[in-house]
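This briefing is meant to be read alongside the sequence and the structure shown here. It moves from the chain as a whole to helix packing and then to individual side chains.

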Amino acid sequence: MWRVLKYGGVPTLLTLAALGAACGEESQLTPGGQTSSGAGGAGTAGAFSFGGTASGGFVANSPCAGVVPPAPLTRLSIADIDGTLDASFGPGTTLASVVAIDDQGFQRDLSSAFVGALRTVATERVKAVVADTDSFEICEGAQGEPTCLEPWLRDQGQRLYRRPLTAEQVAAYVAQFRSANDQRTPAEAARNVLVSMTLSAYFVFRIELGERLDGQQLTAYEIAARLSHFATRQAPDAELLSAAAAGALKAPADLVAQLHRLWETPQGHRARTLRVLEWLGVSEKTLPETLDPDLRTAMLAQSSAFVDDVFESNSGSLTSLLTSPRQPLNARLALHYGAAALSGDELQFVNLDPTNSAGVLSEGPFLSSYPRPTLRGRAIIERLMCRRVPDHPAQVDASLGDEATPRQRIEQRTLGNPACLGCHAMIDATGFALDGFDDEGRATGFNTTTTLPIDLFGDAAAVMSPRELGTLIANSSSARACAAQRYLEALLDRPIAETITAKVVLPPGNAGAPLNPAPYNNDPDHQWLDCLLQNAGAGDFSMTSAAELLVSGSAIQRRAGTPHQFAAFDTSLDPVEHAYQEAAQFRDAFQDSSDNQTILRYMDALRMLQRLDALGPVTSSDGGAGGDTFGGASGIGGAP
């Protein structure tokens with residue numbers, strides 16, 4: 001008897017048809033689960049010399065190629081995990097709403113609290129995908145075997161693993177399903193498999209094994225995953241996976257075309273906007289709880305729409321991001337900011353006073369996230385200039401005076417104190433240019449005249465208004481180098497050292513050039529930042545151009561190290577034990593010792609969760625991890 005396999009009440013006949021070609025190519029799979037046909041291979045025409053290092057003719061007609069910067073084994077960010085769960089299962093409970101620990105840039109928690117939260121979210125998500133036994137019927141062949149099970153597993157596995165499952169992995173999941181089905185209903189067995197896949201290291205981490213014959217050359221599926229997470233913060237969609245299967249991700253033009261296609265999706269618009277707001281340190285959690293909830297929502301929508309418009313209308317211009325007076329407002333925002341009256345809840349773009357506009361810096365979300373001049377100055381220096389500012393000494397009194405304006409209160413406390421003057425002369429001088437806004441983004445009329453520090457801008461510069469501040473930042477070498485750094489970090493999913501960013505070489509004529517620009521050296525990070533600035537930073541740094549350069553160059557198609565080729569799989573019925581046994585097979589598989597340590601930390605987190613489970617249910621806000629406090633330094637995964 002033949003019965004259609006269904007999940008979530010949606011027939012998958014089209015899915016099964018689409019999987020036919022992939023299943024027919026199973027004999028071409030390598031032990032790493034990749035095709036051996038070279039689908040991800042690059043063209044060989046036109047060797048390119050970069051910084052004195054030949055690329056071996058890897059990418060034709062690409063201005064950025066050469067020595068590939070290392071990309072470590074990293075846990076996907078919470079935003080990328082939620083995006084991939086949405087792409088795989090549809091909207092639902094988010095990890096961001098459950099986990100009690102935020103990502104701190106590239107320092108990402110790998111404690112049992114994280115694993116417990118992921119299990120909680122996965123369990124909730126798969127309920128909607130496989131609602132009940134009636135909506136999940138196993139196709140039975142002539143001998144009673146579930147002939148639809150393997151195609152369904154391949155489909156789900158490719159979505160979550162971002163690569164085709166190997167034959168061994170499919171067989172392991174078939175065995176796990178059958179074991180669960182002996183004790184539970186088919187729907188429960190299917191849900192158990194999906195939770196196991198979600199806890200798998202293949203889902204949690206960006207695992208790149210490379211081609212079988214050239215481990216440094218990424219497979220087509222790995223290139224697709226890099227591109228998709230860079231462009232949409234989620235796993236590849238069906239069209240990108242089809243391009244990978246067809247070997248259509250080789251030429252730089254093909255990759256750039258896919259970048260723009262992905263950017264035109266709702267997920268792409270949201271991802272490129274989210275990346276800039278993360279870069280600025282602005283989110284719903286950074287806005288004060290005292291703000292009216294409707295106003296908070298409207299403010300965040302304002303900043304998101306503004307950043308998106310900078311990409312759509314001005315090719316991601318850094319100058320537009322930091323100076324444009326063109327702002328999206330609705331009636332609520334216009335009333336709050338004291339702008340000309342508007343009607344309705346829909347955002348509409350209006351031109352505000354250009355003198356008092358500094359693009360995203362003069363919007364409510366940034367100003368509310370950093371409510372005082374000192375905080376604003378520090379945010380600009382650290383987040384827009386990529387320069388570290390020392391923390392406030394714990395033993396120094398941080399109380400302010402009682403003068404009329406924020407500037408006066410800060411100066412009253414710091415000008416006569418040598419212990420404070422060094423840092424505050426740099427931080428406050430920058431933040432004073434935004435003193436014309438209160439802690440909710442409303443105009444105050446306070447003095448915004450200031451002199452920016454020479455070591456950040458290359459020359460002492462007096463500014464009279466927020467717009468002049470934004471212009472000087474956008475024209476400075478530090479801000480342009482920092483913008484290039486943020487995009488390179490996004491592709492590599494790791495931080496870049498401040499000492500490298502401070503020494504990049506800019507095109508001639510750029511304001512605020514480094515005082516002692518360093519020549520090219522053999523550091524690949526340095527080379528790539530230089531290339532981005534030479535090609536995307538002339539005149540005005542373009543975030544769109546930087547992204548195009550990255551996806552058309554060798555950094556998206558190759559990796560610096562060569563891991564062992566292998567396929568990890570396990571048949572354990574319990575999802576946590578399954579993830580542990582599978583992760584154990586990754587030990588010593590990577591050249592970089594820090595990558596191996598990351599796998600060991602994940603194994604420790606899985607074992608700790610099992611111990612906490614054995615103690616019985618504990619009510620906590622960490623997603624069922626039993627209030628684990630063992631994260632600490634040893635619980636951080638990803639780039640060191």
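This is a predicted model: local features need pLDDT of at least 70, side-chain atom pairs count only at pLDDT 80 or more; totals for chains, interfaces and linings use all residues.

Residues are numbered from 1 along each chain as its sequence is written, and side-chain values use heavy atoms, with hydrogens and water left out.

**The chain as a whole**

- The protein chain has 27 helices and 10 strands, where helices (H or I, at least four residues) and strands (E, at least two) are DSSP runs numbered from the N terminus.
- Of its 640 residues, 56% count as buried, buried meaning under 20% relative accessible area, exposed over 50% and partly exposed in between, with a 1.4 Å probe and protein chains only.
- Among the contacts in the protein chain with a separation of 6 or more, 70% come from residues 24 or more positions apart, a contact being heavy atoms within 4.5 Å.

**Helices H2 and H4**

- Helix H2 (residues 78-89) packs against helix H4 (residues 112-129) at an angle of about 20°, with the axes 11 Å apart; axes are lines fitted to C-alpha atoms, for helices over the stretch in contact, and angles run from 0 to 180 degrees between N-to-C directions.
- H2 and H4 are therefore roughly parallel to each other, given that angles under 35 degrees count as roughly parallel, over 145 as roughly antiparallel, 65 to 115 as roughly perpendicular and the rest as oblique.
- The crossing of H2 and H4 is right-handed, that is, the near helix is turned clockwise from the far one by less than a right angle, anticlockwise being left-handed.
- On the H2 side the contact is made by Ile81, Asp82, Leu85, Asp86 and Phe89, and on the H4 side by Phe114, Leu118, Val121, Arg125, Val126 and Val129.
- These residues divide into 8 nonpolar, no polar and 3 charged, where Ala, Val, Leu, Ile, Met, Phe, Trp, Tyr, Cys and Pro count as nonpolar, Asp, Glu, Lys and Arg as charged, and the others, Gly among them, as polar.

- Helix H5 (residues 149-161) and helix H7 (residues 186-199) pack at an angle of about 30°, with their axes 10 Å apart, which makes H5 roughly parallel to H7.
- Trp152, Leu153, Gln156, Gly157, Leu160 and Tyr161 of H5 meet Ala190, Val193, Leu194, Met197 and Thr198 of H7, a contact with 8 nonpolar, 3 polar and no charged residues.
- H7 also packs with helix H26 (residues 575-584), at an angle of about 40° and with the axes 8 Å apart, which makes H7 oblique to H26.
- In this contact Asn192, Val195, Ser196 and Leu199 of H7 meet Pro575, Val576, His578 and Ala579 of H26.

**Two loop residues**

- Asparagine 330, in the loop between strand S6 (326-329) and helix H15 (331-337), is buried, with a relative accessible area of 7%.
- A polar atom of the asparagine 330 side chain lies 3.1 Å from the backbone nitrogen of arginine 332, and one lies 2.9 Å from the backbone nitrogen of leucine 333.
- Arginine 387 lies in the loop between helix H17 (373-384) and helix H18 (406-414), and its side chain is joined to that of serine 478 by a polar contact of 3.0 Å; a polar contact is a pair of N or O atoms within 3.5 Å, and within protein one must be able to donate a hydrogen and the other to accept it, while residues adjacent in sequence count only if both atoms are side-chain atoms.
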